[in-house]
Amino acid sequence: MTDKSIEQQAEQAALNEEFKPSIEDEINREDEVQAMAKALGLDDGDFDPKAAGVEDAKPLTQEQKEAQQAELVKELKSEEGSLFAATKFLGSLEFMFKRFGHHKFSINPVEKQETIKAVAPAIQKYSGSLVSMMGDYEAEVMAALAVGSLTYGSVSQIKKLKAMDKEKVVNTDETTATDEQKAQNSEQQQPETAPEQTKAA
């Protein structure tokens, strides 16, 4: 055996000793995983939910559905619930404007709070059932005006933001063009000054 091969064997033996605990841990962990899989009925490769004791979620009964709806109506008819629903609605609206309009768009916090307060009564009124359109229109009109005003202001703000972005692009192009012209002018001036320096010398 050469010195090089002895050296390689020694390095390999050192590596084996260094990684022996992790290799043994991996083997033990593999045994544990296989034991768990067998307990769950996964050892044959196919998962059987019945053997594993997993049951499908039972569909809600009609009484349970009605109870959930009644609880939701009760929540929405409360002042806190209607304010929460209005806040979620405006948050979704703002997200849509950001997503599809302009990423810097935001609704003024004061305007947002006023709109939430205007929309909440309509949510309270219509949360339980469909009310005939012959009733009192005050809550609906106020909510429609608030949302319409908010939408108009939001669209205007998005247009302004897009115009600002476009202006930045135009200004950047102008700045680049001006820098290029300055560079060309300085190149043209350098050859002119060089002959004058040689004449002076």
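Visitor: At what angle do α3 and α4 pack?
Guide: In this predicted model, helix α3 (residues 62–77) and α4 pack at about 90°, with axes 4 Å apart. Axes are lines fitted to C-alpha atoms, for helices over the stretch in contact, and angles run from 0 to 180 degrees between N-to-C directions. So α3 is roughly perpendicular to α4 (65 to 115 degrees).

Visitor: Which residues make the contact?
Guide: Glu75, Leu76 and Lys77 come from α3; Glu79, Gly81, Ser82 and Ala85 come from α4. Contact means heavy atoms within 4.5 Å.

Visitor: How many helices and strands in the protein chain?
Guide: There are 6 helices and 0 strands. These are DSSP runs, helices H or I of at least four residues and strands E of at least two, numbered from the N terminus.

Visitor: Which residues touch the most other members of the largest nonpolar core?
Guide: Ala86, Leu90, Leu93, Phe97, Phe105, Val119 and Leu150, out of 14 residues. Such a core is a set of buried Ala, Val, Leu, Ile, Met, Phe, Trp, Tyr and Cys residues joined through side-chain atoms within 4.5 Å. Elements giving two or more residues to this core are α4 (79–100), α5 (109–126) and α6 (138–200).

Visitor: What does leucine 150 contact?
Guide: Leaving aside neighbours within four places in sequence, leucine 150 contacts Leu90, Leu93, Ile107, Glu111 and Thr115.

Visitor: What share of the protein chain counts as buried?
Guide: 14% of its 201 residues. Buried means under 20% relative accessible area (1.4 Å probe, protein chains only).

Visitor: What are the ground rules?
Guide: Local features need pLDDT of at least 70, side-chain atom pairs count only at pLDDT 80 or more, and totals for chains, interfaces and linings use all residues. Residues are numbered from 1 along each chain as its sequence is written, and side-chain values use heavy atoms, leaving out hydrogens and water.

Note on methods
Buried < 20%, exposed > 50% of the residue type's maximum accessible area, 1.4 Å probe, protein only. Parallel < 35°, antiparallel > 145°, perpendicular 65-115°, else oblique.
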